[in-house]
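Before this model is used for any calculation, I would ask that the points below be read beside the coordinates.

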Amino acid sequence: MLSRIRCATLLAAAVLCSAAALAADPYPARPIKAIVPFAPGSATDQIGRAFAAEMAKVLGQTIVVDNKPGVNGMLGASEVAKATPDGYTILIGTNSTNAALKSLMKQLPYNQDTAFAPLGYMGSVPLIVAVNNEVPAKNLRELMAMAKAKPGFVTFASASTSQLVSTEMLASMAGVQLTNVPYKSGPAAMTDLIGGQVMMFTADFAVMLPQVKGGKIRGLAVTSTKRSPAIPELPTVNEALGLKDYELIAYFAMFAPAGTPPEVIAKLNHAINAAAGSRELQEKFAPIGFAVEPGTPEALAQRTRVETAKWAKAIKDAKIEPQ
């Protein structure tokens with residue numbers, strides 16, 4: 001009997017000690033890992049690192065960015081989906097990982113709709129359609145005329161969902177056939193565009209704008225419905241081709257594994273919104289057309305549902321077969 005009492009006393013003491021330790025050791029108690037599912041130098045990487053640095057100031061812990069590129073972001077997203085839901089592994093997600101992948105892949109190693117807990121929306125950027133300087137077409141209409149005259153002759157690079165879908169959607173709406181050349185990263189695709197190994201590339205401003213302004217490639221149009229203040233001389237795709245309904249932008253948001261505690265989600269959401277409000281961050285990315293848009297986890301959940309349906313339609317309309 002004494003032995004049982006002693007054991008019960010020790011167990012109660014252990015529970016109390018654990019509770020006290022948790023109370024004295026609130027989240028976050030150690031560095032957080034933020035997985036970027038695309039290569040270093042990509043827009044996702046640049047924006048994710050900037051947000052991580054600002055969030056660390058609010059959270060009082062370092063956020064270590066870990067690049068896990070591959071399969072349109074699926075490899076990095078899969079790692080987060082399978083991580084312990086304790087707030088110490090988060091995803092710098094995009095339209096690729098959290099809206100389009102389920103329509104691009106025959107099978108994912110996780111359920112895209114249920115594997116993640118929304119944390120907060122970060123912002124969006126339009127894309128630029130550009131060509132190698134040696135391509136004779138001086139504008140988008142001339143490029144599409146060239147593609148129509150020689151089906152499959154015009155080659156285009158892609159290293160992400162937005163890059164692939166934006167170009168295939170453009171080809172479908174223009175009634176032309178282009179040839180896709182897949183790459184593992186946007187910077188690698190840009191290197192080959194400059195070198196002339198591919199003729200065309202549609203990518204975010206972070207990758208495109210410095211090269212366009214530096215004269216290394218020729219920008220033809222932007223994929224948003226309005227011209228960008230960052231490069232107002234470029235028409236929209238709709239303006240360039242006389243279309244009405246073309247629009248495709250890349251966006252960024254943070255997610256945690258499903259099952260992450262609500263109080264942890266609330267702290268991370270607060271840090272994301274604080275980062276979005278940073279004047280330094282806004283000024284840094286304004287030149288690449290990045291528009292911040294802070295909000296609640298619930299707002300991101302609703303946006304994700306809408307975007308998933310939007311991208312599914314775009315992929316279907318562009319006749320892209322799941323891989």
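1. Contact is taken here to mean heavy atoms within 4.5 Å. Helices (H or I, at least four residues) and strands (E, at least two) are DSSP runs, numbered from the N terminus. This is a predicted model, in which local features need pLDDT of at least 70 and side-chain atom pairs count only at pLDDT 80 or more, while totals for chains, interfaces and linings use all residues. Residues are numbered from 1 along each chain as its sequence is written, and side-chain values use heavy atoms, with hydrogens and water left out.

2. On confidence, expressed as pLDDT (the predictor's confidence in each residue, from 0 to 100), the chain averages 90, and 92% of the residues score at least 70. Helix H1 (residues 2-24) has the lowest confidence in the chain, with a mean of 47, whereas E1 has the highest, at 98. Over residues 7-24 the pLDDT stays under 50, and the model has zero contacts beyond four places in sequence for this stretch.

3. As for the overall layout, the chain contains 12 helices and 11 strands, and its C-alpha trace spans about 95 × 40 × 35 Å along the principal axes. Of its 323 residues, 54% count as buried, where buried means under 20% relative accessible area, exposed over 50%, and partly exposed in between (1.4 Å probe, protein chains only). Among contacts with a separation of 6 or more, 77% come from residues 24 or more positions apart.

4. Six strands form an open sheet of mixed pairing, in the order E2-E1-E3-E10-E4-E11; two strands are said to pair if DSSP finds at least two bridges between them. Strand E2 (63-67) and strand E11 (291-292) stand at the edges with a single partner strand each, so one side of each is left without a neighbour in the sheet. E11 runs antiparallel to strand E4 (residues 116-125), to which two bridges join it, and alanine 291 is the bridge partner of serine 124.

5. Helix H2 (residues 43-59) lies across strand E1 (32-36), E2, strand E3 (89-94), E4 and strand E10 (250-257), and runs at about 165° to E2. Helix H4 (residues 95-104) lies across E3, E4 and E10, at about 65° to E3.

6. Which elements cover the buried residues of H3? Among them are E1, E3, H4, E4 and E10. Six of the eight residues of helix H3 (residues 74-81) are buried, so this helix is largely enclosed by the rest of the structure; the buried residues are Met74, Gly76, Ala77, Ser78, Val80 and Ala81.

7. Strand E5 (residues 127-132) is mostly covered, with six of its six residues buried. E5 pairs in the antiparallel sense with strand E8 (residues 200-204) over five bridges, and valine 131 stands opposite methionine 200 in E8. E5 also pairs in the antiparallel sense with strand E9 (residues 217-222), over five bridges, and isoleucine 128 has valine 222 of E9 as its bridge partner.

8. Some backbone geometry deserves a check by eye. A cis peptide bond, with omega about -5°, joins tyrosine 27 and proline 28, and proline 28 is in the loop between H1 and E1. In the loop between E2 and H3 sits valine 71, which has a positive phi of about 55° although it is not a glycine, and which counts as partly exposed at 37% relative accessibility. Asparagine 72 is in the loop between E2 and H3; its phi is near 55°, a positive value in a residue other than glycine, and it is partly exposed, with a relative accessible area of 22%.

9. A pocket is found on a 1 Å grid over the protein atoms alone, as an open set of points where a 1.4 Å probe fits, with protein on both sides within 12 Å along at least five of seven lines, and lining residues have an atom within 4 Å of a point. About 670 Å³ of space lies in the largest pocket; of the 40 residues that line it, the closest to its centre are Asn72, Ser158, Ala159, Ser160 and Leu164. The volume is the space filled by probe spheres set on the points, which are joined across faces, edges and corners. The largest share of the lining, four residues, comes from H6.

Terms used. Axes are lines fitted to C-alpha atoms, for helices over the stretch in contact, and angles run from 0 to 180 degrees between N-to-C directions.
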